[in-house]
Amino acid sequence: MLGTRLASSLIGPLVKRLFVQEGSGAGLVGNPERLSALVSFRGEKRELTEKDVRKLAARLVRAAVDSPGEPPFPPDEETAVTDGLAHKLFALGDLDMNDVQAVQLGYRDLAHALHRQAPTPADLSADASYFLESLTEWACLHIVHFFTQRSTFQARTLLEHSRLLAEIIAKLDELIRRNPLRGDQDAAFEGRYRSYIDKKHSRVTIYGVDLLHSPDHWPLEGTYSSLEAALLRPPTSGLGEGHVSDTVRLPAEKLFQDGHDRNLLLSDTGSGKTVLIQWLAVEAARQVNQVPFVLPLRDLTPGSVPPSPERFLSFVGCPLQPPAQWAERVLTNKRGTILVDGLDAIPTADRLRIRGWLADLMQAFPDNRWLVTSRPTAVHSGWLAASDFRELVLTPMRRTDVTDFVHRWHMAVQAADLEEPVLHALRTRRHLTRLATSPLMCALICALHREGHEFLHSDLKGLYDAALSMLLTRRDRERGMRPLDDIDLNEEQQTALLQRLAYTLILSGRKAMERFTAEGLLERCLPSIASLAQQKNVTAVLDHLLLRSGLLRRLPDDGVAFLHDALRDYLGAQDALEKGHIDVLARHADDSSWEAVIRMAVAHARPRERAGLLRQLLARGTPRCTVLALACLEHASLLDPVVRREVESKASALVPPCTEEVARTLTEAGPLVLELLPGPDSLSDQEAYAVAVTASLLGTDGALAVLRRYREHPSPAVREQLAGAWSQFDTDVYLHEVLEHLDPTGLSLAIDRPDQLRTACRLPASWSSFRLQGPHDPQLLEAALPDVTRQLFLSKNSLLIDLGPLLTLTSLRHLALDDCPGVTDLSPLAQSCLVGLRLGRLRGLPELNGLKSLSTLRSLSVRQQLPGDALTDSLPVEAELDSLHLSGRAARTTGFRGLSHWRTLRELHLDRGVARPTTEDWAEVAALPALGDLFFHPSLLSGVTLMPILPQVTTLHIAPVRGTEHLSLLSERLPGLNSVVLQGGSDASLLAERCADLFPQAYVTVEER
């Protein structure tokens, strides 16, 4: 408004008088001039005195006062304002800068510099102070403009930039001279290496399915079907009363896109782990800032030393030779994507060494991206938790996933006319529906149908038998291929040789064997094969199996391994039975690597052998063996009914499951376990929750029938599990069968897919809390969410830019935003009635624009760094905050300065990442009269010595605790406590016992995280 009072025609000439006039030859001046040399009231040839400067200031003030409109300040302060402006203008001569620097600084910062040099008088009224500061800025605007119009300014500016550029070039030249070609060598090599990885891993081979009418390799991008990973029991978080479900799902190929760089991925054989590794490797190779390293542990010789970074490429037989220490530089610069495939492929004894190897690498090269894959039964829960790995499980393929895979497969092999018959069989034939839960089984079914056209096998054994027949004999015969080196083996003969190799590997606990070991085994088998009894060249026999069987592969070190573990276990189980090794099979029932062998042995066995093996499994008495026996029943087409009842009766002792771990174990038995899961009557809440977890993970039509029986269960944990399982089932069916009947009190419904969002408007009005993850269209979001929405969590939405459309949700009271980079302004929310706001990572909102205007807030949570020097610089000072949650870098620069402004604050959360409070910070906390609840992260306990006595605090929350924390100092500083809440695992109970002595007047409770 000041600009309307003082026209440029008036202030310009007055400002111009503050500076000396340019003399002749001024354009030849080469260096920028100090302001002290430019002002006309300094130096030996000064043109203005201090009295003259005050007259100029008086003219400016008088001109503003005489302008039309309301006076800007009380008339009796005109003299004081004039003196203040004169002091600020006279301070121009004291600034340590030149004209170029002043222009670069800008008029506002130049005005701030004058304020620091000549502060505004403290006795001025608020109106007078505001007028003086505004007039100073207006004058500085004209001063900056005056400098840019001087004839020498542009020449000096260009000269200054030229000098700076020359200095930078010289320094870069010196840097290049001291470090010749390393960067060029690395860049050139990485280009070749990325191209190599892209080509090597962009073709998919599902081993054992390179059939007559199918290509040997398929394009990765054309055939890859998105896999889904489930994260079980993540850290508790939420909005208001809603909490994140215990089962969180995300596309497996996006494991690294949600901020988690360390992942342990568990899945069964054939579920797509290796193809996922290929996808992630190709994606990383196409990113400038990532370099992939694919490390298949199956190539690691038992007992050998895992590769160091300099051996990463040679370990996998990469023909490219990298520059010296290239891999180490990549990892040091935090650009590595290390994909460790097949932890279950090494003996149990070697896994501890691999864990230590991983820990050493991550300690030496932190902040790279890591993925380790394994079968779920090979490692216990939390096996890599100490290294901060999160644990995910690849979920079985759902009906839509199977449909997508079948479509992609037939498109890739150009057989679209065969797609519909396969889909029809998968929808109508239960045995195929049970088998088609992994990419391997889907590919086998599709390939076998393509080869036979009219025949689809009815069980797993039949599929394997047909696959072996195709790979061992049919392919060569139909292609018209001649015997290799005069060796002609039929299917039975090849099977006998391969069985011996497979069972030897299984007994030794290895995935591969040396070539001479394989030749020795075959040599002992040859006399029993009539056509080979006189064969002396065992090397030729092994070469035949490597080249023609389609089941073996040669390793880079000339070792021998099976192309797929499933076929090895199938053949090995048959050899074990032929040798009468029922006892051996039973003794290895607790070894996860023998699980498939035992199941296939039941499939191969005669009825009496089956009964004996199953009874031995039951006799071992462990939950794992009992569940394994139960899982074997689906392979036992002929079995004594008494034995079947014994197995089912013994397994019923595990049903209902009492813990989540048991629930996950039960899923290994497959959909058959659903028949044993009871209804909710007479079950405890924990048992009901575990049943819901089991059914959710299985995700079949039968599982939906189980969950339907629990949809009216009152337990929050059970209801939360059912709400979180929506994405596992058909969207419309699950909404109708479960969600419409579920009590949503305290729940927040996760919406990850567009089809879920489109159906959200059909939910009952009682659903009012939603968590939307992913790039949902804002227009669809506005139209689909019900008007009764009170709580909304938006994360990972790159499409969200304007928050204005959220105003249509008139009932919205709680909002959370995380990883929405397009959001740049919070001010539209000022027109809402929000009472709760949670801000996570918002890259487009570094200054938190608009936050100060949200005066209706009562609860605020901030994770990213707050701008300014105090909390009052960025948080809404007019809001009567009741709860404040600070985490991460939120208070990195502000500390707790200004916290005492919110005297209504009752809850203060100091979470992980907050810097240790100083004495000044604690003083701000002590000045909060209404503070009753203090939430404390254990990392802040070391700074308790600076904490003053806080008598107003009545409840203390500490999370997460490990049981080793020292809380004695807190007992002295929190004398008014009547409640202590500890969140953590089983060790939290130990700490609770000590707390009872430290806080005798407080009630101590433990909550499981």
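Let's start with helix 26, residues 595–604, and helix 28, residues 623–632: the two pack at an angle of about 40°, and their axes are 9 Å apart. When I say helix or strand, I mean DSSP runs numbered from the N terminus, H or I with at least four residues for helices and E with at least two for strands. The axes are lines fitted to C-alpha atoms, for helices over the stretch in contact, and angles run from 0 to 180 degrees between N-to-C directions.

Before I go on, this is a predicted model, so local features need pLDDT of at least 70 and side-chain atom pairs count only at pLDDT 80 or more, while totals for chains, interfaces and linings use all residues. Residues are numbered from 1 along each chain as its sequence is written, and side-chain values use heavy atoms, with hydrogens and water left out.

Back to our pair. Helix 26 and helix 28 are therefore oblique to each other; under 35 degrees would count as roughly parallel, over 145 as roughly antiparallel, 65 to 115 as roughly perpendicular, and the rest is oblique. Helix 26 passes helix 28 in a right-handed crossing, meaning the near helix is turned clockwise from the far one by less than a right angle, with anticlockwise being left-handed. Who makes the contact? From helix 26 we have Glu-595, Ile-598, Arg-599 and Val-602, and from helix 28 Arg-624, Leu-628, Ala-631 and Cys-632. Contact here means heavy atoms within 4.5 Å. Those residues divide into five nonpolar, no polar and three charged. For the classes, Ala, Val, Leu, Ile, Met, Phe, Trp, Tyr, Cys and Pro count as nonpolar, Asp, Glu, Lys and Arg as charged, and the others, Gly among them, as polar.

Another pair to look at is helix 5 (residues 78–90) with helix 8 (residues 126–149), packed at about 35° with axes 10 Å apart. Their crossing is right-handed. Val-81, Gly-84, Leu-85 and Lys-88 of helix 5 meet Ala-128, Phe-131, Leu-132, Leu-135 and Thr-136 of helix 8. That contact splits into six nonpolar, two polar and one charged.

Now, the cores. A nonpolar core is a set of buried Ala, Val, Leu, Ile, Met, Phe, Trp, Tyr and Cys residues joined through side-chain atoms within 4.5 Å. Buried means under 20% relative accessible area, exposed means over 50%, and partly exposed is in between, using a 1.4 Å probe and protein chains only. The largest core has 202 residues, and among those touching the most other members are Leu-614, Tyr-734 and Leu-970. Setting aside neighbours within four places in sequence, Leu-970 is in contact with Leu-941, Val-944, Met-947, Leu-956, Ile-958 and Phe-999. There's a second, separate core of 60 residues, including Leu-220 and Val-275.

Val-275 sits in helix 12. Not counting residues up to four places away in sequence, Val-275 touches Val-204, Leu-220 and Tyr-224. Lys-273 is in helix 12, residues 273–285. Is Lys-273 buried or exposed? Lys-273 counts as buried, because its relative accessibility is 11%.

Last, some backbone details. The peptide bond from Ala-959 to Pro-960 is cis, with omega near -5°, and Pro-960 is in strand 24, residues 955–961. Asp-388 isn't glycine, but its phi is positive, near 65°. You'll find Asp-388 in the loop between strand 10 (369–374) and strand 11 (390–394), and at 59% relative accessibility it counts as exposed.
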